[in-house]
Amino acid sequence: MISWSGLVAQLTEILLAVLLAPVLQGWVNQCRAWMQNKSGPGILQPYRTLRKLFAKEAVLAHNASPLFRATPYVLFACMVLAAAIVPILGTDLPFSPAADAIALVGIFALARVFISLAAMDIGTAFGSLGARREMMVGFLAEPALLMSLFTASLISHSTSLATIVQHLTQAHFVIYPSLAFAGVAFTMVSLAENARIPVDNPSTHLELTMIHEAMVLEYSGRHLALIELSAALKLFVYSCIGIALFFPFGIAEGGDALGLVLALPALVAKLAVGGFAMALIEMLSAKMRIFRAPEYLGTAFLLAVLAMLIHFLLET
Amino acid sequence: MPLPASAMHLILGVVLLWLALGLAGVLFPHNLNLVSRLLFPAGAIGALVLAAAALDALSGEAQSLVLPLGLPGLPFHLRLDALSAFFLLLLGAVTAGISLFAAGYFRRGEGTPPGLQCLYYHVFIASMTLVLLADDAYAFMVFWETMALSSYFLVTSDHTKAEIRRAGFLYLLIAHVGAISILLCFGLLHGTGDYTFENMREVQLAPFWATIAFAMALFGFGAKAGMLPLHVWLPEAHPAAPSPVSALMSAVMLKTAIYGLLRVLFDLLHIQVWWWGVVILVLGLATALYGVVFSAVQSDMKRLLAYSSIENIGFILVGVGLTVIFQSYGMRSLAALALTATLYHCINHAYFKSLLFLATGSVLHATHERALGKLGGLIHRMPWVAWLALVGTLAIAGLPPLNGFVSEWLLLQAFLFTPNLPHPYLNMLIPVAAAAVALAAALAGYVMVKFYGVVFLGQPREERLAEAHDAGLRERAGLIWLAAGCVALGVAPVAVIGVIDNVTGALLGKTLGASATGWMFLTPISPARASYAPLLFLLVILAVWLATWLAVRSFYHGRVRRAPPWDCGFPAQNARMQDSAEGFGQPIRQVFEPFFRMQRELPTPFDATPRYRVTVEDHLWYWLYLPLAKVTEAVTRVVTLLQRGRISVYLMYSFVTLLILLLFVR
């Protein structure tokens, strides 16, 4: 069932995802710097950071357990698997039967549980604070994400991401009102899940506001590098899910070689616009108080449920 | 491999073995060596034999047997069909692990002597086995009551404590209220014939009476399962019982209630009405959300797990409800999908919940502490228990590739593939219900991070935790058996569903083809609609892990330096500054405030000895149970007027009653 060409395409996609992810992060940071009238470090800065971190020695707390050391690898493996099943360039993915949209949410949940456990492992006040907040964001973000994915699966009668994308690309000029709601919900969730403003601020180390940074405070060296890379990959995968569900045009169907080649520039263009939009959202909004976050995520959740209801009301 | 005797006889043999083991325990009640080295391990082997016999019986014909026991003219009818065999398989497989653990668990000087525990324990599992086999209402009720009584004695094994006696009483009370309801349900079902299930299958009840019978069954079995609002006994009884008993009650006894519900709904009742399904679905959703929200704010590790059992029962009931809805509309393959999810979740919950309850047992023995706020850092002291409990934690949080995820996945698929129910309001209900299930499942992740993080990770919150010791060999073996089950059920769903297909085929007349594309890919309905390959999932994660590890080491280095944790410039940090259980649950308390009846005591800034106290209670206790208790008390006060405590008065009552009866008879 698994063809060699499919496998090559699959591995290329994974490699591309891992290589492009830091660039996307660099691009968002660069856009933000430009909007703040700064010159910015350049879009390759995440690579320099990674190289520096990988070369440094890892400092571990005295009571760090093996769970703490294993977590960065688990996290990275989860994100690679997520990248493997999301149609980034084409829909012919040999790995895609391994996990569907529900399992994709499961992968993110697995990663979240592991990093939260690792954060509690050292037993500092910051670590458990971060873990608690992360799980608080997670328990609302996860069902919201699931519901927006469900809306797309209801439209295409499948939970397999490849099939969903195939179905949506074929329905060129159909406008689904339910997908619009799901899209808004998805955008809100992806901001929260990727530790961006307005829920978290990736560039702060102020204790009152940290979520993600509080959890990884004890990490250093190669472990931190892997976590940073996973975070970048997560942003990349989320962007690709958004593109695949809401702007799927240009993604190659099946194993069409020419389509794959053309899909790359389309992807880069879409990511560039998406990254710019994300930087713009971050620039225009303020970070909210931590206990406003449930309201924000609750809104996203309700929007996603509404999207499903609208699908049942209008589109069946 | 053919079995040496018929499955039915083997199972009855195991029941006899268990009763004999129990009696042997009573003969030497204080001989711990005998109990722990011989009786419990032998019981575990018996459980394995029972599981094998049940597995064999699953695919075979139904076997019946009439035991010439009981009252004259009312022998016990036994029947082993696919549904019974499935639940017996669950019972045998999980009990094997629990008995093995129990072999190392029971001690002298902890309440009831070990020999007596051994008796109650084996009577308990034997009666559960017979409940699953019973084929007439009389036998069913006798075994059902034996089960309730033996577990009552197990719950109150530490009976010198008042709160444990209270928990036991509450348990017994609700068990009996439920049993009365079940009895009435059977009374309706038998029509005019006798009380065998065979007769009940033939009876055609009018829809009204069928609905009453359904309501009775739901109430009675719901009380045993811990369905809202009859759940109050569960968070009291589970923590009171010794850990292997909590595990057994949560893993197996709650499932016998689910078995009873399924038996009545799909076997004894000849019709299913769609709105029954909606009732079960809504109650299930309420139970799941209620359970998980309450479990997030608990600060006692066994209470936390007990509330999480309520949540899981909620999920199972949601599955049952969906099955009824689909079946009533004749959507057989979807009904098969929902029932498969239900049964899968039953066996999953049995595995991971018993694993976690047993792990808390080991923690309890090592630390003598149940309060989460006094534990911490046990992964360093008790690595075996901690790592095996991690498997259970990930499984119960519903994370791939372990088993909890598979049943959640199937349940969500059942929701998603609800194409066009002929009822417009139902179509609206389904997405909202799916959203609630997703929310409860995500909250379960929160709860389990709290549980595991506070108990096993971080720094020990008390000095004496440094002396905690790891579990013994037999305890470890039991935990390993259950953890291995969690992994196996997670990565081989196609094989498990192949087993479950026997039950769905027998109950609904339709099986769920688990896979169209080989044993590795779980593809219910069709591969284009959904597929999941947990083994591939696991392999990819392990491969990437290994590749990354090797790559980082060969391109860079593997150097590590140990240092004190970063103190943020404040050197006086201590273990008390970690999140307590209350602290970790605080966001849930805030977000779901209307769920709780909360009382806070906050210190002022000027308190020399500040005290912070918060109690979280159940509204239902105050809204439902206490008023009920008041009414009952008022009624009893009237009844006490009759009770004078003098024998002559009582004799007169008897005499008057006799006279009146004689008048009627004439």
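Biologist: How are residues and chains labelled, and which pLDDT do local features need?

Modeller: Residues are numbered from 1 along each chain as its sequence is written, and chains are lettered from A and ligands numbered from 1 in the order in which they are written. The model is predicted, and totals for chains, interfaces and linings use all residues, whereas side-chain atom pairs count only at pLDDT 80 or more and local features need pLDDT of at least 70.

Biologist: How many residues of chain B are in contact with chain A?

Modeller: Two residues are in contact if their C-beta atoms, placed from the backbone, lie within 7 Å. By this criterion, 68 residues of chain A meet residues of chain B. On the side of chain B, the number is 66.

Biologist: Which element supplies the largest share of the side of chain A that touches chain B?

Modeller: Helices (H or I, at least four residues) and strands (E, at least two) are DSSP runs, numbered from the N terminus. Elements that each supply at least two residues of this side include α2 (45-55), α3 (66-85), α4 (101-121) and α5 (125-156) of chain A. The largest share, 16 residues, comes from α5(A).

Biologist: How many residues on the side of chain A that touches chain B are nonpolar?

Modeller: Ala, Val, Leu, Ile, Met, Phe, Trp, Tyr, Cys and Pro count as nonpolar, Asp, Glu, Lys and Arg as charged, and the others, Gly among them, as polar. This side has seven charged and 16 polar residues. Its nonpolar residues number 45.

Biologist: Which residue of β3(B) is the bridge partner of A:Val59?

Modeller: Two strands pair if DSSP finds at least two bridges between them. Here four bridges join β1(A) to β3 (residues 560-563) of chain B, and the two strands run parallel. Within this pairing, A:Ala61 stands opposite B:Ala563. The partner of A:Val59 is B:Arg561.

Biologist: Are the residues on the two faces of β1(A) buried or exposed?

Modeller: A residue is buried if 20 or more other C-beta atoms lie within 10 Å of its own, exposed if 12 or fewer, and partly exposed in between, with C-beta atoms placed from the backbone. One side of β1(A) carries A:Ala58 and A:Leu60, and the other carries A:Val59 and A:Ala61. Both faces are covered, and these four residues are all buried.

Biologist: Where is the cis peptide bond that involves A:Pro198?

Modeller: Most peptide bonds are trans. A:Pro198 lies in the loop between α7 (177-193) and α8 (212-215) of chain A. With omega at about 15 degrees, the cis bond joins A:Ile197 and A:Pro198.

Biologist: What is omega for the cis bond from B:Pro400 to B:Pro401?

Modeller: B:Pro401 belongs to the loop between α15 (383-396) and α16 (403-416) of chain B. The peptide bond from B:Pro400 to B:Pro401 has omega near 0 degrees.

Biologist: Is B:His368 buried or exposed?

Modeller: B:His368 is in the loop between α13 (332-367) and α14 (378-381) of chain B. Its phi is positive, near 55 degrees, although B:His368 is not glycine. Because 10 other C-beta atoms lie within 10 Å, B:His368 is classed as exposed.

Biologist: At which residue does α22(B) bend?

Modeller: Helix α22 (residues 619-640) of chain B reaches 31 Å from its first C-alpha to its last. The bend at a residue is the angle between axes fitted to the seven residues ending there and the seven starting there. A proline, B:Pro627, follows the bend within four residues. The bend, about 30 degrees, is at B:Tyr625.

Biologist: Which residue of β5(B) stands opposite B:Gln599?

Modeller: β4 (residues 596-601) of chain B lies largely in the open, because the number of its six residues that are buried is zero. β4(B) pairs with β5 (residues 613-618) of chain B in the antiparallel sense over six bridges. Opposite B:Gln599 stands B:Thr615.

Biologist: Why does A:Leu168 count as buried?

Modeller: A:Leu168 is in helix α6 of chain A. Not counting residues up to four places away in sequence, A:Leu168 touches A:Ser156 and A:Pro248. A:Leu168 counts as buried because its C-beta neighbours inside 10 Å number 22.

Conventions: The expected span of a helix is 1.5 Å times one less than its number of residues.
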